[in-house]
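User: I would like to go through this structure step by step. Please start with the terms.

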Amino acid sequence: MSRLAKGRAEIVLLNPTDYFLYLPLLPQVAAGVLEPRRVTVSLSGTLPHVKLVLGESDRIDLDARQVHYTGPEGESGTLDYDRLVLAAGSVNKLLPIPGVAEHAHGFRGLPEALYLRDHVTRQVELAAATDDPGRCASRCTFVVVGAGYTGTEVAAHGQLFTDAQVARHPLRTGMRPRWMLLDIADRVLPELDERLSRTADTVLRERGVDVRMGTSVKEATHDGVLLTDGEFVDTRTLVWCVGVRPDPLVESLGLPMERGRLLVDPHLRVPGRPEVFACGDAAAVPDLEKPGSYTPMTAQHAWRQGKVCAHNVAASFGDGERRAYRHKDMGFVVDLGGVKAAANPLGVNLSGIAAGAVTRGYHLAAMPGNRVRVAADWLLDAVLPRQAVQLGLVRSWSVPLDTASPELARVPGKPGRPGSEPAKEQSGGEPARNQPGGEPARNQPGGEPARNQPGGEPARNQPAVTPPPDQPPPGLDVAPGPVKRTDRPTEGDS
């Protein structure tokens, strides 16, 4: 759109972060293959003629043509528009299964990937240090629910990651990390070609992943999960990858919907609202290649719909002709870690090293930046051992599964977007008091430390934290380290 406008229009991008996240490589961040910044691309650096506004949209007034938003520090703002493009994407899908919201974590944002890497590292280190075989087994059992793209790649990379850690931190004799992949479908990657599914299934099983199809979680507890087949699995880790749902922002517009997605015509325009366009996961775009159906919620469609949408916005001002969105399947790639992958570019089914080369080549071509850095990390990972350390940047309760914005880490007292579900107390994983490091940043992982850290200035509008009786107050004679928390977020905090 910026190239088409050539300075004749003011283009404003409202986004909660200052980066574009390349989601397909997120499992490699969780497995320690790539550094977090490798999968993020600066928006201001990539879009030099676009005004970036940091914030989350709270409400859209279609009649007044205004977008009301909340900034990263809680300030309110309003943006006027002549044309509005809704590309809000998707968030974690939460099913009504007891205990899942409290004990599981999703995998849609960078904070969630960073948390999972720290959590898995911690569990392996604690398992290696314990003499209790039952506790060792539970800490080294990792359950992934959902055998689609994300779940399959998380389990594949996770098994390699933990095996590499155990090589440096041996477990009890005869024990090794156990990854379980569950899905109610009858095969891995049910949305893809059966040959790709068989390739992925074979690689996972050969690697030692416990693949169970036709099985899911019936209930989640702090000590483990109860499966639908009646088995109880002792585990401290539950990764929720059952799928996504459109961002709840579009539901608040009161416009025609299709299974939570905003209905648009083939030109990506909202019927009855000629000034509003929508694309990506939040839009139900008619699939002209399959009449009567809508395009699936995949990155391939979102990327191509964005380009068509830009042309049609320009055409609405009389610059060029509008286009209908039409896309033919060019194939899929699934990264299984190491040199293994499953791919069918242009309908040609590949596996092994050839598929791995095609998969990585596709990712490098699709990324809008950081290609050299990503390739360098891949090269270093091939010749050097991975660094398995806990950074402690993201706490368990700051990445709740039912958040409406998985791209942001939540902090106590920060209001969430209207329409989002409240975060649960200590949502899954180890309690915050057992995690290393200080308080999380107020808005972003790794940012400015919270002011309610021991010895620091009390947070504004928050009561001072008083140490429990069995813990001395912080001072010069107190060694630094984890403290027992008394200010955990309560029910309703976001």
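Analyst: Two strands pair if DSSP finds at least two bridges between them. Strands (E, at least two residues) and helices (H or I, at least four) are DSSP runs, numbered from the N terminus. This is a predicted model: local features need pLDDT of at least 70, side-chain atom pairs count only at pLDDT 80 or more, and totals for chains, interfaces and linings use all residues. Residues are numbered from 1 along each chain as its sequence is written, and side-chain values use heavy atoms, without hydrogens and water.

User: Which residue of β6 is the bridge partner of I60?

Analyst: β5 and β6 (residues 66-70) run antiparallel, joined by five bridges. In β6, the partner of I60 is V67.

User: Which strands stand at the edges of the sheet?

Analyst: The open sheet has three strands in the order β5-β6-β7, with antiparallel pairing. Each edge strand has a single partner, so one side of it is left without a neighbour in the sheet. The edges are β5 (56-61) and β7 (76-80).

User: Is α5 parallel or oblique to α7?

Analyst: The axes of α5 (residues 110-129) and α7 (residues 149-168) come within 10 Å and cross at roughly 40°. Axes are lines fitted to C-alpha atoms, for helices over the stretch in contact, and angles run from 0 to 180 degrees between N-to-C directions. Under 35 degrees counts as roughly parallel, over 145 as roughly antiparallel, 65 to 115 as roughly perpendicular and the rest as oblique. That makes α5 and α7 oblique.
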